[in-house]
Amino acid sequence: MDKKNKEIKKLRVDAIKEGTVIDHIPPSKALDVIKILRLKKTDIVTIGINFPSKKHGKKDIIKIENKELTEKEANRIALIAPDATLNIIKDYNVIKKMEIKLPHVLEGIIKCPNPNCISNNEPIVSKFFLISEKPVKVRCAYCERIFSSDEIEYLIWILKEKWVWLVNF
């Protein structure tokens, strides 16, 4: 790459010294990912929406400073961004790359769309089993109904004992 092209190529979002970068999020889904990650109000987060992507045409990106997401936390977003990649950053360098995977059992992440399901009428944690990844289909452990990703509602844990329902991402 010549000097002129090097000058043109620059970061649209500043690099972070320590933390996590979630890349290849589907366009306009970054805010949904932020919600489902259950981040603290004090976390420093940079969000990029509708960036150009060679791989997907467009993408979103999230940078979370000074926080290394666990595999369990990262997999929580797989319903929204199944092709996302997670990069762990130390001293401005990627030290670990993870592909996000849909867990086989999803607990406390999804609200059952069936209004008659016991999980909607009793104080129990929702539980779903992954039936297929593409397209995403899950089965409720309680009412045993199968739902596709466009029918799913996500749960966000707020404070210590209060569930807030987020309608169809």
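Reader: Why is isoleucine 49 called partly exposed?

Author: This is a predicted model. In it, isoleucine 49 has 38% relative accessibility. Buried means under 20%, and exposed means over 50%. The value falls in between, so isoleucine 49 counts as partly exposed. Isoleucine 49 is found in strand S2, residues 44-53.

Reader: What makes Leu31, Ile47 and Ile49 a nonpolar patch?

Author: A patch takes residues with over 30% relative accessible area, and nonpolar side chains are joined within 5 Å. Together with Leu31 and Ile47, Ile49 forms a nonpolar patch on the surface. The three have about 240 Å² of accessible area together.

Reader: Which residues touch the most other members of the largest nonpolar core?

Author: Ile22, Val33 and Val138 do, in a core of 35 residues. Core members are buried, so each has under 20% relative accessible area. Among the elements that give two or more residues are strand S1 (19-25), strand S3 (57-65) and helix H2 (30-37). H2 gives the most, with five residues.

Reader: What is isoleucine 22 in contact with, leaving aside its neighbours within four places in sequence?

Author: Its partners include Val33, Leu37, Ile62, Leu86 and Ile100. Asp60 and Thr85 are in contact with isoleucine 22 too. A second, separate core has six residues, including Val21, Phe51, Ile61 and Ile89.

Reader: How do you know how confident the predictor is?

Author: By pLDDT, which runs from 0 to 100. The mean for the protein is 82, and 83% of its residues reach 70 or more. Over residues 157-169 the pLDDT is below 50. That stretch has 30 contacts in the model beyond near neighbours in sequence.

Conventions: Residues are numbered from 1 along each chain as its sequence is written. This is a predicted model: local features need pLDDT of at least 70, side-chain atom pairs count only at pLDDT 80 or more; totals for chains, interfaces and linings use all residues. Side-chain values use heavy atoms; hydrogens and water are left out. Contact means heavy atoms within 4.5 Å. Patches are made of residues with over 30% relative accessible area and no salt bridge: like charges are joined within 9 Å, nonpolar side chains (Val, Leu, Ile, Met, Phe, Trp, Tyr) within 5 Å. Accessible areas come from the Shrake-Rupley method with a 1.4 Å probe; for residues, only the protein chains shown count as cover. A salt bridge is a side-chain nitrogen of Lys or Arg within 4 Å of a carboxyl oxygen of Asp or Glu. Helices (H or I, at least four residues) and strands (E, at least two) are DSSP runs, numbered from the N terminus. Buried means under 20% relative accessible area, exposed over 50%, partly exposed in between (1.4 Å probe, protein chains only). A nonpolar core is a set of buried Ala, Val, Leu, Ile, Met, Phe, Trp, Tyr and Cys residues joined through side-chain atoms within 4.5 Å.
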